[in-house]
Amino acid sequence: MEALVNKIILPSLVDGPGSRAAIFLQGCNLNCLYCHNPETQNLCSHCGECVTTCQTGALLFNEGRVIFDEKRCIDCQNCIKACKINSSPKIRHYTTVGLLEAILPYQGFIEGVTFSGGECTQQHEFLIAFGKLLHQRTNLTMLLDTNGLVDSAIMAELIAHSDGLMIDLKAFNPHNHQRLTKALNASIIDNIRLVAAADKLAELRLTLIEGFNDDQAELRQYFDFAASLPGQFRLKLIPFSPFGVKGEFADMLPYPQEKYDAAVVLGQSILKDRILKVCYNWRKKYD
Amino acid sequence: MTNKTEQKIEGIINSTRLQYHEKRAALSREAEDQLSYVRISQRVAEAMKAGILHDMNEGHRPYRPRYILPDYHKFLLQGSAYLNLEPPKDFYEAVNALMILYRYVPSITGYPVYVGQIDDCLEPFADTVTDDERDKLLRLLLTHIDRTLPSAFVHMNIGPKDTKVGRLVIKLERELRNTIPNLSLKYDPDITPDDFAKYAIDSVLDTIKPYFVNHRLMSGQLGEDYGVVSCYNTLRIGGGAHTLCRINLKEIAKISENYLDFKQNKLKEAVSALAELTNAKTTYLVEESKYFESSFLATEGLIDLKKFTTMPAVYGLYECVEILSGEKMGHTDRASDMAEEIVKLFHQYIKSEPAVYCDGTGGRHGVHAQSNIDTDVDITPGVRIKYGEEPGVLDHIRLSSRLHKYFDTGCSDIYVFEETAKENLDGMLQIIKGAIKNDIRILSVNCDSTEFLRITGYLVKKKDMERYFRGESLREDSVVLGAESLYPGHLLDRKVKSLDGSLDGSISK
């Protein structure tokens, strides 16, 4: 069994508590307008369009396939910008053992592994197998950073084999969720309840998008929902930034600071110190 | 006196850029260099001329050790007959006594490079004053150091224990935002509480201070009584270093026929010349200028010749490996293996050379990775990776960990993080613990968003360098050194380790 990996970030200080290995899996089941790493959405179709944009010869077109030579890559992002289907020619395949071996040399520097994406639960069989291996061989923890859109039976298995889930609920109102992601959120909310009931909810996350999910009444509903869940997880509020965004939201302005501060105050009135702020000029990629 | 010398001296006297005390220092240096060089053999002179061996411009006739670490703790216990000081009885008197003694501690820069293990010195007096008084007094001490010892090589130590004084120093330095003193935290995960370490990390990401020093590694090699001075030199308290001379590994690689010739012949010859120069200067200092017989620091037992050593050093390992292997250390196993082999060989060669007055490191020379001076061009400090060529931060640390252990008198690397690290102190602590566990000797974590910049080992403010380039007269001589070394050394190209470990930014110019 192999995982399709877009990239591994080691160490990451923004993908869960402590220092972690963040593994971004390729492929997603939502289509968010504000996706911050669109290159993780789809699988490469080997159209070859990106090859000509590579200045260092890291990409070659051979017998109908795009071949990637990591050693020559200078990470200029030209190929990612050229891709018309929101994918990347740099996807690598890892077995569970292969991925573990890539992480083991750095064991002393990290608290655990976080799978992100894309949508990591799309590759749930790999995650479950990797979780077993990781827990058998190391003391590292495994967190899943997910949009929560997965069959509830699979979610139950993921809960059992991971140490926690960080769930990105993108809007509380189902209609607004659909506007933003093209999917409804009822099953996601059910899954969040499932995870929280198992005491595995490590973080709930909301990216504030002006006019899409930040209406006062909706925010209040979101915070009340979070407060109703068991567990001591924190709710991270992130102001939208256009950094890395492709498509119609690419030119949208960063979320206004006054509105962000107001949302934080509202959140704190309900969730107290369980609201996690980010430094305002936060530019990290979030999906 | 030749015409040229006269012109030079007149130039100093009539300069409008130098302050009085700087003129005095420059004039005394001119006087010293009127004398011939300490006695060295022809081959040493030739190695110096060829750029293989470098004497760090220490002057022709050493008359004070390069680095001195007075035992300030002992001084506070016994007072001083020479200074007519009784042992202090409270925090006020202790701070005053230290201010007085600093004035009398020479070094190669003219300023003390070590102002003490300040928590050990002052913690015993901590409860003789109120919290507010302690805050005020320490603030005055730190301000006094910054204003009267304006050299970023002035270095203060704290840790590994969590103390009132240690915490207060970190807090005040963040408030005062001075580059001086340089600050090191001796860190041992078994002794230093996580809470105190995170307090220090929070400061590091704001002001670059303090350094994290691997206390277990250091005390295992030099004993518990070591100090970190000047840039990041590690020496014994009550001791110091007579001299620091260095060999240029890049130049040695250039004259070698191949790697074998480098290892078996050229490096060995250079090390032998390095040892001879080091011994010649040390012998002159001890036996001719008789520093240890004349200084009251020695006669009152605040320093002891037996705790001194020398610091023969290397620099330019990165270019050396590049020339000999065609590959970049930190990027290929072959280059990294070669880097370690060269360092190990240097250690072995220099430790087997004759050494005089090196009891501070067991009768053998101390071994040092020198971090460059302002005139170095196109050569990487010590055993570091060239700026801009650093691999991901963890791979960088893992390579450093193979090299640091060979340098008992100091070696350090700088890792730059993005501002977002401030949001995750637990994660930063984890990385630092990993580095310490991997035998990193001294670790500087910098944050790209601060107004400070660490130039090889000391700190400067970015805006002070701009002032220097505008021709303003500045208090800190280290700003001048920093500004002059900035462009040749390509420091601003140093890669920012973004939190995702990728290399996608540099310090803005």
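## Contacts along chain B

In chain B of this predicted model, 76% of the contacts (heavy atoms within 4.5 Å) with a separation of 6 or more join residues 24 or more positions apart.

A word on conventions: residues are numbered from 1 along each chain as its sequence is written, and chains are lettered from A in the order in which they are written. Local features need pLDDT of at least 70, side-chain atom pairs count only at pLDDT 80 or more, totals for chains, interfaces and linings use all residues, and side-chain values use heavy atoms, with hydrogens and water left out.

## Fold and dimensions

Chain B has 20 helices and 19 strands, taken as DSSP runs (H or I, at least four residues, for helices; E, at least two, for strands). Its radius of gyration, taken over C-alpha atoms, is 22 Å, close to the 23 Å from the globule rule (2.2 Å times the number of residues to the power 0.38) for 509 residues, so chain B is as compact as a globular protein of that length.

The C-alpha atoms fill a box of roughly 70 × 60 × 50 Å along the principal axes. Of the 509 residues in chain B, 60% are buried (under 20% relative accessible area, 1.4 Å probe, protein chains only).

## Where chain B meets chain A

Here 22 residues of chain B meet 23 residues of chain A. The buried area, meaning accessible area (1.4 Å probe) lost on being put together and summed over both parts, is about 1800 Å², with carbon and sulfur atoms giving 62%. On the chain B side, α17 (393-403) and α18 (425-437) each supply at least two residues, and α18(B) gives the most, with seven.

Methods:
Buried area is the accessible area (1.4 Å probe) that two parts lose on being put together, summed over both. Buried means under 20% relative accessible area, exposed over 50%, partly exposed in between (1.4 Å probe, protein chains only).
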